[in-house]
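Please look over the structure below before reading the notes. The briefing goes from one chain to its contacts and then to a single residue.

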Amino acid sequence: MQLDSILFYLFAVQILFSALMTITRRNVVYSAVWLISTLVGVAGIYLLQGAEFLAGVQIILYIGGITVLFLFVIMLVPVSEESKQRRFSSQLWIVLIVAVLLTGELGYFLWQGADSFQMGEPTPPAEIGTVTTNSEQIGQVLFSEYLLPFELASILLLVAMIGAVVMAKARPGAE
Amino acid sequence: MPVTHYLVLSMALLIIGTVGVLTRRNIIVILMSIELILNAVNINLVAFSDYLQNINGQVFTIFVITDAAAEAAVGLGILIALFRNKETVHADEIDILRW
Amino acid sequence: MDPLFTWTDFFVLKPAILLSLFGCGILLTDFLLKQGRWNALTALVGEGFVAVALWQHCEDVAANGQRFALGGSMAVDGFSVFFNYIFVVSAILAIIIASRYMDDEKSNRGEFYGLMLFAQAGMTVMAQGYELVTLFIGLELMALSFYVMVGFLRNELRSNEAAMKYLILGALSSGFLAYGFSIFYGISGSTNLAAIADAVAGREISDPVLLIALVTTSVGLFFKISVVPFHMWAPDAYEGAPTPITAYVSVASKAASFAMMMRIFLVPLVSVQELWMPLFGAVALLTMTLGNIAALTQNNLKRLLAYSSISHAGYILLGLAAGNETGLKGISLYILVYIFMNFGVFALISAMRREGHAAEDIDDLNGLMHRHPGYAILMLVLLLSLAGIPPMAGFYGKYFIFLGLLEAGSYLLAIAGALYVAVSAYYYFRIVRAMFLSESLEPAVIAPGLGTKIALVASAVFTLLIGLYPEPFINMATDSILLALR
């Protein structure tokens, strides 16, 4: 086996195991820690595929930003009380049906075999001149082809900021 | 590594995330499960980007991460407002919240 | 090297740019001037500018046909112009209803109108987008603004809960949608709809990868248009949201999601039509069944209208299941008519109050005929239209969709749809009976502001006008068809 195969399976096992732990832990703090482990695994997968920039973004933004946000909110909620309560929703049977269907789908596709998965044709490496590094390539495409979504994303983040402030601000006269 | 392996990995992660959203009662864990789903999407995009030798997939990933951050911020904001009024973070203790 | 941003790009993007600018402007003026009453007016001025920009789009489409901007990520065509007008009309109606309602709820703040315009900017992008990333970000912009607006009455538990539920299921559906998009990227190596159309056309119909992409994308979009079995968020979100937002979500967000759905299914996926048309037919049938039957027993007006809106989504989806030009014309006309009839009813509901709280039950309408005969008659017009009774506008939307189904040979779906019209008539007549036949000892106060009155009257007038003189509106709907069907 080649090194990258070994690494792939290592990361895949880490991702799936941590994801399962994330959704089954009784204590939310443990869930958050397992979520971090999942995200690190995904960053590893990115590195394996030569997406260094995204691996960095994953660590800084996802783990450093989003998960910390989760942990902040967990601090506002009394965890000790949480952990005594039931974990799963009472309508588990609906979920079981959905899970069985989705897993059946996955099984069907696995059974079909790898040959039936035809993705698009890989393009031959284009002449990009001096642009070689991953972040440079991303920058080039982001600010030419995806300029519009980039600008829209700024409004999206503005809306998220307004939303978070409007929702989480203390009630006037409550405290 | 054949791209199929990544597709199967991402699909498994998608299933775990979906099951998490639908089964867990704790809203914070539900929001985490949504992050798992978006990570499944990203694994797909980066794998295809590598396979197709085409950087667009990685750029798409940046937008998905942006969206994940925005959704988490608003979701947790709403959760705090809810907690102020109700003192619960359990999905099925929200009276109207039944599915 | 080509310039990054040209005048054509600006022209195509103008509605979205204007909406974002006015959205930011409202936030700033609200903060700096602290003059709450100007916010709604500023938003209306913004809508006026957008309407002018759309008129220019309309002229341009008549002269040049379809046009693309920014490397093919946005398009201007009859389809986008039509849907953009729909968003403008529904935003105007929502704003003029909201200014009074939010005052009554003591939540009339600038952010509310800013978010309304940002949501509309997202919708504009959804109708014009021709590329997956743009469509996805547009959708998220709309959805996030709506999550916040639904929960805007943040001191009310009901509003918080509605927003939470809307967000969880909305985010789940966005995840599925993005998953489908990622696979479309995988099979084509591009995010442009035209390139994806080529890649999809070169594939077998039974291709498993295509199947995953199709299923996940459909699931994501089915959530957004709230059709069965992905409708469970709608009644709760509609009931808990501020009434003007309920109307805005049920009309504009649904119209935008349908626009995006049509872009995706009629451009890249048109070559696998055989695959998704039966799926849509089945989902539409299920939706009409559940929506209509669940509406029969509701006592809360907003909840009743939520279920009725689910069944309306089923009817609109039938137009796509027919998959021919008549069906698509029916979709456009149906959505146009649906704005007016739905907004009219919600305008009246938003004006009903009982002891300082919003009154939302059918019983609160008891004896309306004796107290306010004018409102009762306007409501009668709107409800008859919602039920699809012939002289009213609602009839024509259904008529073209059924005609499309008959042309496509789907007699079973057409018959089922027609039967459910009878079922829906029952629950709309429950409201009519309450207004005309029941007496009330403690009537709810109905005190609409000027804006609400205008919205109510304008909605009823348009409902009648489209019903009595449908030709120009049918022509508008015809111009809006996406000509991509085989």
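What percentage of the contacts in chain A with a separation of 6 or more is accounted for by residues 24 or more positions apart? The figure is 53%, where two residues are in contact if their C-beta atoms, placed from the backbone, lie within 7 Å. This is a predicted model, in which local features need pLDDT of at least 70 and side-chain atom pairs count only at pLDDT 80 or more, while totals for chains, interfaces and linings use all residues. Residues are numbered from 1 along each chain as its sequence is written, and chains are lettered from A and ligands numbered from 1 in the order in which they are written.

**Chain A**

- Chain A has 7 helices and 0 strands; helices (H or I, at least four residues) and strands (E, at least two) are DSSP runs, numbered from the N terminus.
- The pattern along the sequence of chain A is α-α-α-α-α-α-α.
- Chain A has 175 residues, and 33% of them count as buried, that is, with 20 or more other C-beta atoms within 10 Å of their own, the C-beta atoms being placed from the backbone.

**Chain A with chain B**

- This contact involves 71 residues of chain A and 67 residues of chain B.
- Helices that supply at least two residues each to the chain A side include H1 (3-24), H2 (28-48) and H7 (147-168) of chain A.
- H3(A) provides the largest share of that side, with 11 residues.
- By class, the chain A side has 50 nonpolar, 16 polar and 5 charged residues; Ala, Val, Leu, Ile, Met, Phe, Trp, Tyr, Cys and Pro count as nonpolar, Asp, Glu, Lys and Arg as charged, and the others, Gly among them, as polar.

**Chain B with chain C**

- Here 34 residues of chain B are in contact with 32 residues of chain C.
- On the chain B side, two or more residues come from each of helix H1 (3-23), helix H2 (27-52) and helix H3 (56-86) of chain B.
- H3(B) gives the most to this side, with 16 residues.
- The chain B side divides into 25 nonpolar, 6 polar and 3 charged residues.

**Ser159(C)**

- Ser159(C) lies in helix H6 (residues 157-188) of chain C.
- Ser159(C) counts as buried because it has 27 C-beta neighbours inside 10 Å.
- Apart from neighbours within four places in sequence, Ser159(C) is in contact with several residues, among them Val150(C), Phe152(C), Gly240(C) and Ala241(C).
- Pro242(C) is 83 residues from Ser159(C) in sequence, yet the two are 7.5 Å apart in space, C-alpha to C-alpha.

How values were computed. Buried ≥ 20, exposed ≤ 12 C-beta atoms within 10 Å, placed from the backbone.
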